[in-house]
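Keep the 3D view open as you read.

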Amino acid sequence: MFVETHSLTKRYRRIAALDACSLGVGAGEVYGLLGPNGAGKTTLLRLLLGYLQPTSGRATIGGLDCQRESVAARRLVSYLPGEARLYRGMRGRDVLRFFAEVRPGGDFRQALQFAERLDLELTRRVAFMSTGMRQKLAFAATMSSDSPLVILDEPTSNLDPSVRATVSEMIAEAKVAGRTVIFSSHVLSEVEEVCDRVAILRDGRCVHTQVISELRRKHRLSASLTGAIPTVPDELVDSVRVSSGSEGELVIEADELSPLLQWLATLPITEIKAEPIGLRAVYDQYHANTDTTA
Amino acid sequence: MIHVLIRRRIDESKWLLAACSIAMVWFCWLRVWLVSRLDTGRFKEILDLLPSDWQRYTPVDFAWLITYEGRISLVYDELIVVGCVSLWAIARGSDCVSGELGRGTLEMLLAQPLSRRAVMLSQAGVTVTGVAVLAFCAWFGTWCGIHTMSAKQVVAPAFQLPIPLPFVGSEIPIPFAEPETQYIPMVDLVEANLFTPASVSLFMFGLMLAGFSTLMSSWDRYRWRTIGIVVGVYGLQIVIKLFGMSADELAWLKFLSAFTAYEPEAFVRIADEFPQFTWSFMMRRSDGTWIGYGPMYFHAIMASIGVASYAVALRIFSRRDLPAPL
């Protein structure tokens, strides 16, 4: 694993901001972090960057300890904070140049290309930029380096939908280039779109890890029958869950669609509706009634 | 990488340094001009009007203070000179950690492969260099004043009766003639190098203050609070020093104030009257008897406080958690 945490814990007196979090992110993977405010996403990222000292446990990036070898570990990382604050007196172009120069492997020309794609006005001073423009500027600066790991903390929170699409595109390009991306967000659809795997955090704990490709294979079917509800065949028992059913109504969640459809074809069905389960359903298992954006 | 960081530090502080430097040179030059305009005799009359108790508030005798050297040395205690160095040291020192934390710029900066040591030392390097520039500006302003001004002096007439006095060999002066006003270049009256120890003392004072401000900044989260604490301690130290000077029974208080080590007039006087002790830690007579601590001793006290503060600040900053910006 390229990024690993082992029972990583951060406590502030009695409050556990992160509680025994163990996870691993493979090289070249796009890894999502999901959870409501206060779930521990940002704490986890700040521990990886060495901003915080863990109460217990450890974290490594590329085999380097995030605390003891913080500078070497950060050589492998580009980080975009949730609300990027830049030097207010600098112009956009100077910000990109500064971050390209201060980081070994920084590429000013690449940063300019990203800025152009994000439609940034680089002659303006940061102080006179909107929050979204500052976020785009910081994003361009972050993505322009050649570091193997990119950590993005809610990168699209202040961006309009068209720029969000460009950001998602750029993350996909980073993945194609073999870079590892850790992506924290509240926007489930966005996470589902760009991530290979997602960790769901609750109260500082990593409560579930979901492989997105597995999620895409899962479907929920609602069917109306003319007869009684049949018994599920033995060969499908492990991959099918009849979650609810009323008179003549059948709701099925299936891991694999094709064997289920073969079985359904033998039943007296009058109406059927199939839809992918989606990240929302998984997320709701752990965080019903919490604030997220579909 | 570090040079990029240093360039950034210079960029963000250059206007403050430029303004303070101009104020220093201009004010020190102006102060020499004022000294040159006021005759020594008239200055003595002013001092004679002061109660004798006031002597205890200066580290030097009034008799020396009325000399050109003495009067020019007072510039190093003037509000503008001490104020400019204090402003620079507190502004830059407090910005080091709590300032950057508050603005949120530290987060993006430390996302780069830069050690916290590099971040702090780049800031400290520029701050201390700035203090050195300001101390030099004070000396340079004084030098400019000395080399461009002429002192107004009222002297007895030079004209003598050409009748030699028997046995004495001198001529009879004419007492009825009007005294002459002469303008003598200051450079013939005062040597600018005498003020080097005062500038060194000013530098050490700035170093101490910058170190302390950085120390407070290193554990704090809010810059306004850092500045508040530093200014509070600053005021308290001045009050303690003044109380220590005001009465013999309170003299022990002087040892509780770091500002006691900042006595530029005393160092100029030592350079003027005992040049062999200008750079001494201890002053002893030729027979080995003790006179007192030399200027270097006081410079070293302030430098030690400054360097120790920076060392502790570095330790705190290297180990502390960096909270997310508000």
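In chain B, 78% of the contacts with a separation of 6 or more join residues 24 or more positions apart; two residues are in contact if their C-beta atoms, placed from the backbone, lie within 7 Å. Before going further, note that this is a predicted model, in which local features need pLDDT of at least 70 and side-chain atom pairs count only at pLDDT 80 or more, while totals for chains, interfaces and linings use all residues. Residues are numbered from 1 along each chain as its sequence is written, and chains are lettered from A and ligands numbered from 1 in the order in which they are written.

Chain B has twelve helices and six strands, where helices (H or I, at least four residues) and strands (E, at least two) are DSSP runs, numbered from the N terminus. The C-alpha trace of chain B spans about 90 × 45 × 35 Å along its principal axes. Of the 326 residues in chain B, 42% are buried, meaning that 20 or more other C-beta atoms, placed from the backbone, lie within 10 Å of a residue's own.

Now look at one helix pair. The axes of helix H1 (residues 2-37) and helix H5 (residues 79-103) of chain B come within 9 Å and cross at roughly 170°; axes are lines fitted to C-alpha atoms, for helices over the stretch in contact, and angles run from 0 to 180 degrees between N-to-C directions. H1(B) is therefore roughly antiparallel to H5(B), a label for angles over 145 degrees. Among the residues that meet here are B:Leu16, B:Cys20 and B:Phe27 of H1(B), and B:Cys84, B:Leu87 and B:Trp88 of H5(B). The contact of H1(B) with H5(B) has 13 nonpolar residues, one polar and one charged; Ala, Val, Leu, Ile, Met, Phe, Trp, Tyr, Cys and Pro count as nonpolar, Asp, Glu, Lys and Arg as charged, and the others, Gly among them, as polar.

What about the two chains together? Their contact takes 21 residues from chain A and 20 residues from chain B. On the side of chain A that touches chain B, H3(A) gives the most, with three residues. That side has 13 nonpolar, three polar and five charged residues.

Finally, the largest nonpolar core holds 153 residues, and A:Ala140 and A:Phe183 touch the most other members. Such a core is a set of buried Ala, Val, Leu, Ile, Met, Phe, Trp, Tyr and Cys residues joined through C-beta atoms within 7 Å. Helix H9 (residues 196-219) of chain B gives the most to this core, with 13 residues.

Definitions and conventions
Buried ≥ 20, exposed ≤ 12 C-beta atoms within 10 Å, placed from the backbone. Parallel < 35°, antiparallel > 145°, perpendicular 65-115°, else oblique.
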